[in-house]
Amino acid sequence: MKSVIVNGYGGAEVLKIKEINKPTPKENEILIRIKATSITAASTMMREGKPYFGRLFLGLRKPKVTTPGTDLAGTIEQIGEKVSRFKVGDQVLAETGLNCGAYAEYICLAEDEIIIHQPENVSVEEATGILDGACTALAFFTDQAPIKKGQKVLINGASGSIGTAAVQLAKHFGAEVSGVCSGKNKALVKDLGADKVFDYTKNELEKSNEQFDIIFDTVGKLSYFKMKKHLSKKGLFLTPVLSLSTLATMLFVSPFSAKKLKFAATGMRKPELKMRDLIKVCELLKTNKLNTVIDRIYPLEQIQQAHAYVDTGRKRGNVILQIGSEKA
Ligand SMILES: NC(=O)c1ccc[n+]([C@@H]2O[C@H](COP(=O)([O-])OP(=O)(O)OC[C@H]3O[C@@H](n4cnc5c(N)ncnc54)[C@H](OP(=O)(O)O)[C@@H]3O)[C@@H](O)[C@H]2O)c1
């Protein structure tokens, strides 16, 4: 089978397509023929091995896992004799997390991993595209800062993968939502349900006196200190991007302020929490309360171009990699 293989950290050129043996499921495993996976901002950081402290988990000198890719949609082709949750032909969605393996034609996963039946009314591209951004945003809005109806929520990076999902989720939970993006993405963010949109290229937020109960900086571009004036009395500043300054602020500054800074590595939480979020996200997707924003779709053969595009930091929503020749 075809699989992307990496043998070191670096730019998009480290991603090579190779022929390797198709895996065989063990008695508790399912064999999935992968049809689509998404190219996430996190997967480009894992490819580069940056920030460097991430290598403590990913592998010090080179990646521990040779096939990247953390989420997938596909069809079950074979099951082990002890598998009871799934059958051959089921269409499933899975999150593989740090075990990766989704940039390939096939993968074997134990049936008790983060796997769920794919909602029937969505395409494999929409399904896999929603996993990273929406599950991350939902985790923040559930565990770090549960949204109360009527609260004012600001989403920075509202045109990205986490951002496009966060705008829709915050709106779904009854918040008054503002988004921050560049002028070219204002219409998109409005269409997703934002009540107000600030253009970051014109410093529109900084010029305003608005305050928010929650500021979710999905792209890690804002300063907690500069944003404090935009936080309400007990406002929360959330970010999924860890830097040394974020860590230091979280440990030494935020505990002594009524306005807290919170970071979470949502992909490293307990499996039952990840499963809870995946189920909820699929429910919302199925009932059209959440939609996947898809920017570009690439075939597996263009894996390097797909990563290079995500490297630009300019993607709108999600970038999908289609795998296999059959149209999904
Ligand atoms: N902690 C966790 O559990 C976790 C989980 C998943 C991802 N992450 C991390 O979260 C971050 C965001 O991921 P993502 O996939 O949502 O990003 P993304 O989709 O790659 O973000 C791209 C978007 O960000 C916008 N953007 C760029 N600079 C901006 C700025 N200064 N202000 C506002 N918007 C700006 C871009 O719009 P323009 O082109 O208009 O600039 C673009 O639409 C990544 O660092 C990722 O590694 C963390």
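In this report, Ala, Val, Leu, Ile, Met, Phe, Trp, Tyr, Cys and Pro count as nonpolar, Asp, Glu, Lys and Arg as charged, and the others, Gly among them, as polar. With that in hand, the ligand shell can be described: 12 of its residues are nonpolar, 16 are polar and 5 are charged. Please keep in mind that this is a predicted model.

## Around the ligand

The ligand is surrounded by 33 residues, and the closest are G160, S161, I162, S182 and P240. Two or more residues of this shell come from each of α1 (41-48), α3, α4 (161-172) and β9 (176-181). Where does the ligand lie relative to domain 1 and domain 2? Both domain 1 (2-122 + 293-322) and domain 2 (131-267) give residues to the shell, so the ligand lies between them.

## The two domains

Let us step back to the whole chain, which is divided into domain 1 (2-122 + 293-322) and domain 2 (131-267). Taken over C-alpha atoms, the centres of domain 1 and domain 2 are separated by 28 Å. Here is what each domain brings to the contact.

| Domain | Residues in the contact |
|---|---|
| Domain 1 | 13 residues |
| Domain 2 | 10 residues |

On the side of domain 1 that touches domain 2, α1 and β5 (91-95) are the elements giving two or more residues. The residues on that side of domain 1 divide into 4 nonpolar, 5 polar and 4 charged.

## A look at helix α1

Which residues of α1 are buried? They are A41, S43, T44, M46 and R47. The cover over these buried residues includes β3 (29-39), α2 (55-58), α4 and α10 (303-311). Just after α1 comes G49, with a positive phi of about 70°.

## The nonpolar core

The largest nonpolar core holds 85 residues, and those touching the most other members are I32, A134, V153, I155, A170 and V281. Which helix supplies the largest share of this core? It is helix α3 (residues 124-144), with 11 residues. The core also draws at least three residues from each of domain 1 (2-122 + 293-322) and domain 2 (131-267).

Leaving aside neighbours within four places in sequence, I155 is in contact with G163, A166, V167, A170, V177, G179, V180, F216 and T218. One of these partners, A170, is also listed among the core residues that touch the most other members.

How values were computed. Residues numbered from 1 in each chain as written. Predicted model: local features only at pLDDT ≥ 70, side-chain atom pairs only at ≥ 80, totals over all residues. Core = buried A, V, L, I, M, F, W, Y, C linked by C-beta atoms within 7 Å. Buried ≥ 20, exposed ≤ 12 C-beta atoms within 10 Å, placed from the backbone. Helix = DSSP H or I, 4+ residues; strand = E, 2+ residues; numbered from the N terminus. Domains from an automatic or database assignment. Contact = placed C-beta atoms within 7 Å. Near = placed C-beta within 6 Å.
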